[in-house]
Structures are given as structure tokens and as C-alpha cells.
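Here's a walk through one protein model, piece by piece. Keep the picture open and find each part as it comes up.

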Amino acid sequence: MGLFDTPELRAFRAEVRAFLAEHLDDELVQATRAGLHLPRETVARWQAALGRRGWGAPHWPASAGGPGWDEARRYIFEEETAFADAPLGDVLGLFLAGPMLIAEGSPAQRARYLPGILHGQEFWCQGFSEPNAGSDLASLKTTARLEGDEWVIDGQKTWLSGGHMADQMFLLARTEPLGRPQAGLSMFVVDMRLPGLSLQPILTIDEGHSVNALFIDGVRIPAANLVGQRGQGWTYAKDLLARERVNNAQAARTKRDIVALEQLARRLTDDAGRPLADDPRVRRRLASLTADFIALESAVLGVVAEQMAGREPGPAASTLKIRGSELQQRVTETAMGWLGRAGLLLQPGYGSGPLDEAATGWVERHLFRRVVTIYAGSNEIQKSIIAKSLLGM
């Protein structure tokens, strides 16, 4: 019997499908299929529906407003929503800010911020990377100094995903100028509407706007906006990024994409008018991707089983991030190769000429997913973690 093949979990899967059939309308589905840069109102509308059902944050404990699901139910939920083409929600709030506040925030901070994440009322961004401190966070230069009952923050951040839609930011800043670089960092919550914050959009290679540069000039926040203990930001950031890496395996969404790739091969034809799916080379490519996905899913389910037993994945999160992100790129690279000329065209909103409907969504995913091997710690950094922590090198 498989991990999910129990009467209870089959009933749960049916319950999720019934919810999706009732609440996931065609506008949400089409928006998810069409691209990665969904507008805030689309994401908020879906998140609000989940929040009303009590499913706003499947991975949060019941004490924080989550449904109290075990990891098997969480995986089933992710799989069903991926195959239904449901929006992801505010990833930075749900998967990073929320869990960090649950673990390290004060009771007042949890009461203030968690409900807004659950119900899609407040969005978050992450203020970690800087122009000269991306993968090496210990080198960051943004400072926070305590003046009376306020922290005063100066510096610059970059690659803020969703910064232009965010209400709040969790920010890493240097509070202790002396000592080991890692020991002098602290975590803060910053209201994105405060004076002294200046955002500049950064257009990614797909011409979409999802990331930003941020300039911070004497921004004052209440002393109570310090998260956890002063000087413990490095520890909090490591825990937060480990959680992000497990999520970045994106097994359920990649499974959905491979199924879509099979459909694409049946739809497209070669110069002789034969379906690409009849070409042995295409079938071998699909078989290779499917085999690698099965290996990834097996590894993810292994982590799920560990988490169900109360054990955290540790450095295994780095292996999932590497394999998951590389597979995401291979899937879209395959689609682009098959699409040929149609794959060169962007959507009518910022492209020109005819657009083959078969290319919808693939172009954006292919271009934007160049970044998946970089964010949340580049794959080169993850390999160093594996070499040191798992292989003892």
C-alpha cells in the first residue's frame, strides 16, 4: 500500500477536489496557466477563498491558524491544486514570513500579522539580498541602529520578489558592527509604506515585473518590530531558507508541467504533419523526464515521511532544491525546443505577431525559470552545503 493509499487520504483527496470544483473559477485557472506574474487581486481572491475554508496555510500548525494537516495531506493538497491550475498564493508570506513569525515572533507579532497572510489581506516581500551580498548574506551592509524606542535602518536591497505588491517586508540588517559577520545580524518587520523606502522595478528576462530594487534611507520602525532576539538573524535566515528550499523542489507543479508537455507533444506536428508524440526521440525525452521526476518525487516523499515522524530534512533540502530546480528548467527547455518558432513569441500584451495557443505560458515559464537555480541560495552554494554536511568534505 502506498503512502497515500488509505481510505482516510482517499476521502481527503475527494474533499479537496470538491472544494476546487466549487471555488476555483475559470478566470483563476486561465490566469495561472497564462503566466507567472499574477496580479495581486487574483492571488488575494484565491487566498481569501482558502482562508474562509480554513485552508489558507496547509503547512501551518492549527495553533497558528493552519488546518493542522499532516504532511501527507499537505502533499495531496499541493498536488491537487497544481493539477487544477490554482494560483500559488503569496508564497513569501505563506512559506517564509509566516513560519518565521510562528517560530520566532512575539505573541503580538503573530496576532498582528498571521491573519492577514491567511486571508490574502497583506502581502510580504523578503529584504535579504543586496548588490554585493546575494548568496553570501554574511556580507550584507544594510544597518539598523537603535535610537530610543525606534530602529533606524539605512541601506539597499535587491531582487525583492513581489516588493511592489507587498505591505510588509521581513528584513535582515546588521545591528552589531563588530565580531563575526554572521553574529551581527538581526531580523525585522518593516511596513513597506513607510517614508524613506524607495522601490525601483527590475524587469526580468521574460519582460515581467516581479522583482525590485529597494533603497532604504533613514527608515524608522518601532523597537517592537525586531523579530526574536537581537543578533540572531543569521540563525533565523538559515532556518527560513531551508524551508524555502524544500518548497522550491516544486514536485507537484513539475508533475503538472510534464503532463502538459505530453499533451503538447500530441498536439504539435512535424514538417510531414505527424504528431511529435510519434517520434521515438520525443518519447525518449519524455521517458527521461518522467524517470527523473519519479526519482525527485520519491525523494520528496521521503522528506514528507521524515517530517511526519517529526524530523526536519536538514541538508537534504539542498538536494531537493538542486534536483527540483534543474528538472523545472529541463521541462521548459524541452517545450521550447518542440515549439520552435511559436516559442519565440511572447504574449500579445508585450509581443507582436501571431501567437500559437500551444505556446501559452511556456515562454514565460522557460524564461523566468532561468532564476530557479539561483534564488534561495544558488545551486553552487547548495552543492557546497552537501559536500560539507552530507559528504564530510
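## A hairpin and its neighbours

Strands β6 and β7 make a hairpin with five residues between them, and glutamate 207 in that turn has a positive phi of about 65°. Strands here are DSSP runs of E with at least two residues, helices are runs of H or I with at least four, and both are numbered from the N terminus. β6 (residues 197-203) and β7 run antiparallel, joined by seven bridges; two strands count as paired if DSSP finds at least two bridges between them. Look for leucine 197, whose bridge partner in β7 is isoleucine 216.

β7 (residues 209-222) also pairs with strand β3 (residues 150-157), again in the antiparallel sense and over seven bridges. Here tryptophan 151 has isoleucine 221 of β7 as its bridge partner.

## Where the model comes from

This is a predicted model, so local features need pLDDT of at least 70 and side-chain atom pairs count only at pLDDT 80 or more, while totals for chains, interfaces and linings use all residues. Residues are numbered from 1 along each chain as its sequence is written, and side-chain values use heavy atoms, with hydrogens and water left out.

## Helix α3

How far apart are the end C-alpha atoms of helix α3? They are 20 Å apart, which agrees with the 20 Å that its 14 residues (40-53) should span at 1.5 Å a residue. The expected span is 1.5 Å times one less than the number of residues. Just after α3, glycine 54 takes a positive phi of about 85°.

Several residues of α3 are buried, among them Val43, Trp46 and Leu50. Buried means under 20% relative accessible area, exposed over 50% and partly exposed in between, using a 1.4 Å probe and protein chains only. The cover over these buried residues includes α1 (7-23) and α2 (26-34).

## Rings that meet

The structure holds 11 aromatic pairs. Rings of Phe, Tyr and Trp (its six-membered ring) pair if their centres lie within 6.5 Å; planes under 30 degrees apart are stacked, over 60 edge-to-face, and the rest tilted. Phenylalanine 19 and tryptophan 46 have ring centres 6.0 Å apart and planes at 50°, so this pair is tilted. Phenylalanine 19 lies in helix α1 and tryptophan 46 in helix α3, so the pair ties together parts 27 residues apart in sequence. Phenylalanine 19 is buried at 6% relative accessible area, and tryptophan 46 is buried at 2%.

Notes. Contact = heavy atoms within 4.5 Å.
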